[in-house]
Amino acid sequence: MTIQQVLLLLLLWMWLPHPCHTEMLFRRTPDLRPRSFGGRALGNDGKTIHRQKRGWMWNQFFLLEEYTGSDYQYVGKLHSDQDKGDGSLKYILSGDGAGTLFIIDEKTGDIHATRRIDREEKAFYTLRAQAINRRTLRPVEPESEFVIKIHDINDNEPTFPEEVYTASVPEMSVVGTSVVQVTATDADDPSYGNSARIIYSILQGQPYFSVEPETGIIRTALPNMNRENREQYQVVIQAKDMGGQMGGLSGTTTVNITLTDVNDNPPRFPQSTIHLRIPESSPVGTAIGSVKATDADTGKNAEVEYRIIDGDGTDMFDIVTQKDTQEGVITVRKPLDYETRRLYTLKVEAENTHVDPRFYYLGPFKDTIIVKISVEDVDEPPVFSRSSYLFEVHEDIELGTIIGTVMARDPDSASSPIRFSLDRHTDLDRIFNIHSGNGSIYTSKPLDREISQWHNLSVIAAEINNPKDTTHVPVYVRILDVNDNAPQFAVFYDTFVCENARAGQVYLVFLLLLFVCLLFFLQLIQTISAVDKDDPLGGQKFFFSLAAVNPNFTVQDNEDNTARILTRRNGFSRHEISTYLLPVVISDNDYPIQSSTGTLTIRVCACDSRGNMQSCSAEALLLPAGLSTGALVAILLCIIILLVIVVLFAALKRQRKKEPLILSKEDIRDNIVSYNDEGGGEEDTQAFDIGTLRNPAAIEDKKLRRDILPETLFVPRRTPSAPDNTDVRDFINQRLKEHDTDPSAPPYDSLATYAYEGNDSIAESLSSLESGTTEGDQNYDYLREWGPRFNKLAEMYGGGESDKDTS
């Protein structure tokens, strides 16, 4: 009998159902020692096995899963030593599945399983058993806990988490390169037998791949697997339990493996030579054609870079790599000429940009091709000898003078004759013309540098046989300066001289700002200057002189292109001659010397002591018609200043307060008031004859206050003249009354108002009018005794003697 047959019989015996007989015995002891637990198990031979342990302990029952019998599956038996077999004890079962999955016979203590149990659902159950007195329902033994453990059988096959796996591995990988790992699981108990021990094997995919039996790692089995030959592989992996032995359960999964690309193929041109054609008139940058090398690889491994490595047209052509199409586009780098060269040969190389060093042994990853380019003849337009022309000519040349010649030729082999013409849009005034046969440009009108210094022309060249095919070239004509213009006054000068001008005085130019406000400005000295339209190389230099000797005026050259006009005498009179004409000669220093005579108009005007013009004539007082903005602004500012002064003066006068004329504390009319107003003197024959005045008794009339300004202004009234025979007293009283009642009369008309001093004054008369008739000396020392009000008079009259003595 072989080992395999023995193992097979053993497995069959394990699968057969075997009843399990277990008895739990409960024994009571008369002492207080811990209760002992006794178990009696009946073996297959019917013998009883006794086991004694002190106290309570765990007890286990074993039950096979997946029972297929029709009766309840017998688990075991519980028995107490207090059970006499008379049915007085009752066994009670509680815990996991008690009463449903597991039931117990109350009288015998037999435990049965009511249905088939799956270990994968639950591996063990914990229950509690107790024996009680059926009548008193009191426990005769303490509650005991035990475990029912489910024995596993191989009833679950291995399973994979994925039905289909996807993996990849680079092509050309060495044997044993790991691709992917697959793992299967088995629900059976791995600790009991070989039910959960899994072994992997490959059912499909050999000889390209293999799998490790214990780990499930898939590896390459063949060397140099080429993606270009086969890219996709399908591998079926089997997982089998029971260590892979016969009778074990198995599960499978599918793995789709893709070979990824590596750069193991160089680019290759499909042919060794290619021929292209291009017209000679093609502009720079024109695409001639393209070349393409094929590469069996994909992605970046197939990227190719093109370049020209050799040939006789490396400087005439370029090649550009198109990334999207992986083509090399050949373009024109320089203008082509059929007459110069008709055929070019290029050697173009295509090389991979990403080369894998592991595959250098497969050869160089590049390839070459010969490109031949033929240039085709085209009827080309004429070609000028230069891209532009510059001619310089003096402005004084004669009409018809040739200023320059342009040259053009037909680049074609036929060499057709050329016809020249001027683009009249660039010479609207028709100053120039061109000879149609030889391209000579000549003048048809006089040149003037002062009008136009540059002329930009465009010359057209066309073949006589094909006039539509033309070429343009710019021609720049620069006009050189010739000293053909005489200098002139820079501006128009309106000059005047004062009647009281001294010899050597500089004339002032009348510059539009002569009005009233000029009284506030200082007098300015004006010089004359000149301008010249010519532009000599050394700069402008002018000389000023008089056309003839003038007895009245002379010219002084400042040697800075300006000059001053001076008088040679004084005593000008506008009544004799109001206007002088002074010819001034202005000359330059270029060759030939040019000069001109400008005439200054000098007017004789009346001026004040400071030389400011007051009047020349009616025209001199008027402003010129064309006033500049600066002059108008100056005039407006002067007017505004004058108005502001007048307004301020009027405002200050109106704001004057009513100030009393008498400065003393008491308001006494007879006090002396100082008005600072001088009289007419001895020659004033219009005044009153003061000497004839007398001292009649003054009539006290009601008078208005005269030490303040009146509240209301009235129009002054004209006083009728008094008759010749009127008494002086009456005349004075009448005038006093008129002035006292006239509010518009000023308060400081002392002679008219206060001529009568009053009477019965203790100081008698204070007037000095009569002092002149008295020859004797008077003593005025008594004035000091009258108080501080008369101190001033005491000082004036008290020192009279000393003054006389001194004199």
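Biologist: Are cysteine 498 and cysteine 607 buried or exposed?

Modeller: In this predicted model, local features need pLDDT of at least 70, side-chain atom pairs count only at pLDDT 80 or more, and totals for chains, interfaces and linings use all residues. Residues are numbered from 1 along each chain as its sequence is written, and side-chain values use heavy atoms, with hydrogens and water left out. Buried means under 20% relative accessible area, exposed over 50%, and partly exposed in between (1.4 Å probe, protein chains only). By that criterion, cysteine 498 and cysteine 607 are both buried.

Biologist: What is the handedness of the disulfide between cysteine 498 and cysteine 607?

Modeller: A disulfide is taken as a pair of cysteine sulfur atoms within 2.5 Å, and the sulfur atoms of cysteine 498 and cysteine 607 are 2.0 Å apart. The bond links distant parts of the chain, 109 residues apart, with cysteine 498 in strand β35 and cysteine 607 in strand β42; strands (E, at least two residues) and helices (H or I, at least four) are DSSP runs numbered from the N terminus. Because the torsion about the S-S bond is about -85°, the disulfide is left-handed.

Biologist: Where does methionine 242 lie, and what is its phi?

Modeller: Most residues other than glycine have a negative phi. Methionine 242 lies in the loop between β16 (232–240) and β17 (250–260), and it counts as buried because its relative accessibility is 18%. Although methionine 242 is not a glycine, its phi is positive, at about 60°.

Biologist: What is the phi of glutamine 326?

Modeller: Glutamine 326 is placed in the loop between β21 (317–322) and β22 (327–332). With a relative accessible area of 15%, glutamine 326 is buried. Its phi is positive although it is not a glycine, at about 55°.

Biologist: What is the omega of the cis peptide bond that joins tyrosine 591 and proline 592?

Modeller: Most peptide bonds are trans. Proline 592 lies in the loop between β41 (579–588) and β42 (595–607). The cis bond joining tyrosine 591 to proline 592 has an omega of about -10°.
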